[in-house]
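Please look through the model shown here alongside the points that come after it. They are written for a reader who is new to looking at protein structures.

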Amino acid sequence: MKPVVQKITCPTQSKAWGKLRKFSESFKERGFRLNSLFRDSSRFSRFSLSHNHLTLDYSKNLLDQETLKALFELSADMRLEESIEAMFEGDRINTSEDRQVLHTALRIPANENPHNEVKDCLQRMEIMVNRIHSGKWKGFSGKNIKDIVNIGIGGSDLGPRLVCDALEDFKVGEQNLHFVSNVDPSHFDEVISELNPETTIFIVASKSFKTPETALNAAIAKKWLLEASDAPVAIEKHFIAITSNKNGAIDFGVAEDNVFPVWDWVGGRYSVWSAIGLPVALSVGMESFIAFHAGAHSMDRHFQEESAEKNMPVIMALITVWYNAFFNCQSSAVVPYSHRLKELPFYLQQLSMESLGKSVTKENDQVSINTGEILWGTVGTNSQHSYFQLLHQGTQFVPIDFVAIAKTRSKSVDHNEMHNHLLANCLSQSLALMKGNSESEEAQKKVTGNKPSNTLLIDELNPFNLGCLIALYEHKVFVQSILWNINAFDQWGVELGKIISKDIYKELTSTDNESNELDSSTKNLIKLIKRNMPHK
């Protein structure tokens, strides 16, 4: 009989943790130089790997073979392989909500996909896309649709916005895409300022159809439309809903045929692969939308089938956990050297921080180590002229993911020349962060170096490769959650803010005496706001 092995619920219980602590000290010793690791002429081949058209170079990290081996031991002790299988098998790994986590099922090829509801939804999306692109969908006055406004927030906005922007070069529809997310009325006003209600349709993307920001913007859009047409039938001709609350959408006035599903096993930040991605399909067409899925599915297969030593999401996650635990790493940056990927850091902020911003384990115990990190970044080369000074000479430890595209699709004059300058900047920054100029005799000019980074090099930016990239980061986040033993698929902190907001709204709009339940700061701020409100 095999001995019963007690399940480890905290990474510090692993023997590998002590090894890693010891190894980390050698990288902190005075005189250590990160670039000295490249005395090994085979370092790049040892510390890089590729999947399809995506290459991860992680050689410029504070890692050696012993450290990597200990990190892999840690992942085994935390039963990572078992957890990966549990997700793909449809176990209810979202324990606090007792839900499956099956966003990967959305991108299984149709001829292999056992989920009939997913295939049916994609077929309906294709019909919808064809209706709008062909001009068969008419507005209330009989005119063709020229503009599409997506109303959503969080995953219902960030995912479609990123993908539509990134794949602008693949645009096939004549319609213009717009996005409204902020409840600030200025956002809505700005978007519709030049739109015609006769030729505009709205996509309301909300799983519950009750998300406050989305519901308010949808109500304003409905009012705007009805002011141009008194006929209630106009709502049916100008609104699409993507939601799990079908009755709520129909009560709003959306035609039943124009309501698309979102299932409870698809989290908002993983939903761009579902009907939430309808704006993407409308922008680039269903063929490219399916190619986007295919890229993600290829990364799913890589993640599920490759050993940890050859697994791109696993290695990226282990590096982050290593720095978080032993180098006091509080934040990391993602810097895409591609204008088309300028929305990527904002998308990854939600994916990472909403998933990993947890302080309680899956067993409902307080965590004993740091979890999560502040993720930030902007597009290069702009970033070099804003915050890179701090990265080079500041006191913060901030690892960076550089994301670069080898081949440009730009058709502008001298596009190859400009693109080469862009790539030169990307590679030079990672090199400068590693090497520094420690030989400088002037203290003010001294750059210490030893700053780690990854470089993700994509052959070219297309739907398949973009799907692969996004799925890579999804799985990286999942691995981190397993290593820290937290639930990556709930967001109760977000829900609390929504609840409190309702109470504050009542106070702002009430003429009764102020509540005694509020703190003095909130009460006095409400007084100041009311004093400046226009009197009815």
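Predicted model: local features only at pLDDT ≥ 70, side-chain atom pairs only at ≥ 80, totals over all residues.

1. A search of the whole structure for aromatic pairs finds 24 of them. One of these pairs joins Phe239 and Phe252, whose ring centres are 5.2 Å apart and whose planes make an angle of 70 degrees, an arrangement that is edge-to-face. Phe239 belongs to strand β6 (residues 239-242) and Phe252 to helix α10 (residues 246-252), so this contact ties together parts that are 13 residues apart in sequence. Phe239 and Phe252 are both buried.

2. A second pair, Phe327 with Phe397, shows another arrangement: the ring centres lie 5.6 Å apart and the planes meet at 15 degrees, so this pair is stacked. Phe327 sits in the loop between α13 (312-326) and β8 (331-337), while Phe397 sits in the loop between α15 (388-393) and β10 (400-407), so the pair ties together parts that are 70 residues apart in sequence. Phe327 has a relative accessibility of 11%, and because buried means under 20%, it counts as buried.

3. Phe327 and Phe397 also belong to one aromatic cluster, whose other members are Trp17, Phe27, Phe32, Trp322, Tyr323 and Phe326. Elsewhere, please look at Arg43, which lies over the face of Phe38 at 5.6 Å from the ring centre, and whose charged end also sits over the ring of Phe47, 4.1 Å from the centre of that ring.

4. Just after α13 comes Asn328, which takes a positive phi of about 50 degrees.

5. The largest pocket has a volume of about 1,400 Å³. Its lining is made up of 47 residues, and those that lie nearest its centre are Thr211, Pro212, Glu213, Glu495 and Lys498. Helices α6 (155-166), α8 (212-228), α14 (344-356) and α18 (492-509) each supply at least two residues of this lining, and α18 gives the most, with 10 residues. By class, the lining of the largest pocket divides into 19 nonpolar, 17 polar and 11 charged residues.

6. The count of cavities of 30 Å³ or more comes to 3. In the largest cavity there is about 140 Å³ of space, and among its 18 lining residues Thr320, Ser332, Pro399, Asp401 and Lys476 lie nearest the centre. Two or more lining residues come from each of α13, β8, β10, β11 (453-460) and α17 (463-484), with α13 giving the largest share, 4 residues. This lining has 9 nonpolar, 6 polar and 3 charged residues.

7. The second largest cavity holds about 60 Å³ of space, and its lining includes Leu348, Glu373, Tyr473 and Lys476. Helices α14 and α17 each supply at least two residues of this lining, and the largest share, 4 residues, comes from α17. The lining of the second largest cavity divides into 5 nonpolar, 2 polar and 2 charged residues.

Notes
Residues numbered from 1 in each chain as written. Heavy atoms only, no water. Phe/Tyr/Trp six-rings, centres within 6.5 Å; stacked < 30°, edge-to-face > 60°. Buried < 20%, exposed > 50% of the residue type's maximum accessible area, 1.4 Å probe, protein only. Lys NZ or Arg CZ within 6 Å of the ring centre and 35° of its normal. 1 Å grid on protein atoms, 1.4 Å probe; cavity = no way out; pocket = protein on both sides within 12 Å on 5 of 7 lines; lining within 4 Å. Points joined across faces, edges and corners; volume = space filled by probe spheres on them. Nonpolar A, V, L, I, M, F, W, Y, C, P; charged D, E, K, R; others polar.
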